[in-house]
Amino acid sequence: MHPAPVHPVPDDEHAQIAADTFRMLADPTRVKILWALFGQESSVNALAEAIGATPAAVSQHLSKLRLAGLVQSRKEGTFAFYRASDSHVRRLLTETLSHAEHVTGAAAGDDPHGY
């Protein structure tokens, strides 16, 4: 784990990868799916129930997340199970969701940043 980016200013390739990652995370359903998958491996139907979406919608989002390399799948019989595949994205989501809690006041009285 790097405490800070390796380069002071990202080169074009790294800036594009970062932007592509943010683009993948720019959908609330995908954020919910990834967060659920950081907790445990899951099937499409279980994810759909956990996040309150239809299995068809979850399946479409999982397909995009898999193509982006953010989730992996495995087959067991006729079922597919998904898991999150990038610990960097977990840290990114953790910080982003923490920020959201501060913005909404859900983290009031527990502000380690002193804001």
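In which sense, left-handed or right-handed, does helix 2 pass helix 5? The crossing is left-handed, meaning that the near helix is turned anticlockwise from the far one by less than a right angle (clockwise would be right-handed). This is a predicted model, where local features need pLDDT of at least 70 and side-chain atom pairs count only at pLDDT 80 or more, while totals for chains, interfaces and linings use all residues. Residues are numbered from 1 along each chain as its sequence is written, and side-chain values use heavy atoms, with hydrogens and water left out.

**The chain overall**
- You're looking at five helices and three strands, where helices (H or I, at least four residues) and strands (E, at least two) are DSSP runs numbered from the N terminus.
- Read from the N terminus, the order of elements is α-α-β-α-α-β-β-α.
- Of the 115 residues, 23% are buried (under 20% relative accessible area with a 1.4 Å probe, protein chains only; exposed is over 50%, partly exposed in between).

**The sheet and what packs on it**
- The three strands make an open, antiparallel sheet in the order 1-3-2; strands pair if DSSP finds at least two bridges between them.
- Strand 1 (42–43) and strand 2 (71–76) sit at the edges with a single partner strand each, so one side of each has no neighbour in the sheet.
- Six antiparallel bridges join strand 2 to strand 3 (residues 79–84), and valine 71 has alanine 84 as its bridge partner in strand 3.
- Helix 4 (residues 55–67) packs on the sheet, touching strand 2 and strand 3, and makes about 115 degrees with the direction of strand 2.
- Helix 2 (residues 28–39) lies across strand 1, strand 2 and strand 3, at about 90 degrees to strand 3.
- For these angles, axes are lines fitted to C-alpha atoms (for helices, over the stretch in contact), and values run from 0 to 180 degrees between N-to-C directions.

**Helix 2 against helix 5**
- The axes of helix 2 and helix 5 (residues 87–104) come within 11 Å and cross at roughly 115 degrees.
- Val31, Leu34, Trp35 and Phe38 of helix 2 meet Val89, Arg90, Leu93, Thr94 and Leu97 of helix 5; contact here means heavy atoms within 4.5 Å.

**Leucine 25**
- Leucine 25 lies in the loop between helix 1 (12–24) and helix 2, and counts as buried because its relative accessibility is 11%.
- Leaving aside residues up to four places away in sequence, leucine 25 touches Val31, Leu34, Val89 and Leu92.
- Leucine 25 and leucine 92 are 67 residues apart along the chain, with 9.9 Å between their C-alpha atoms.
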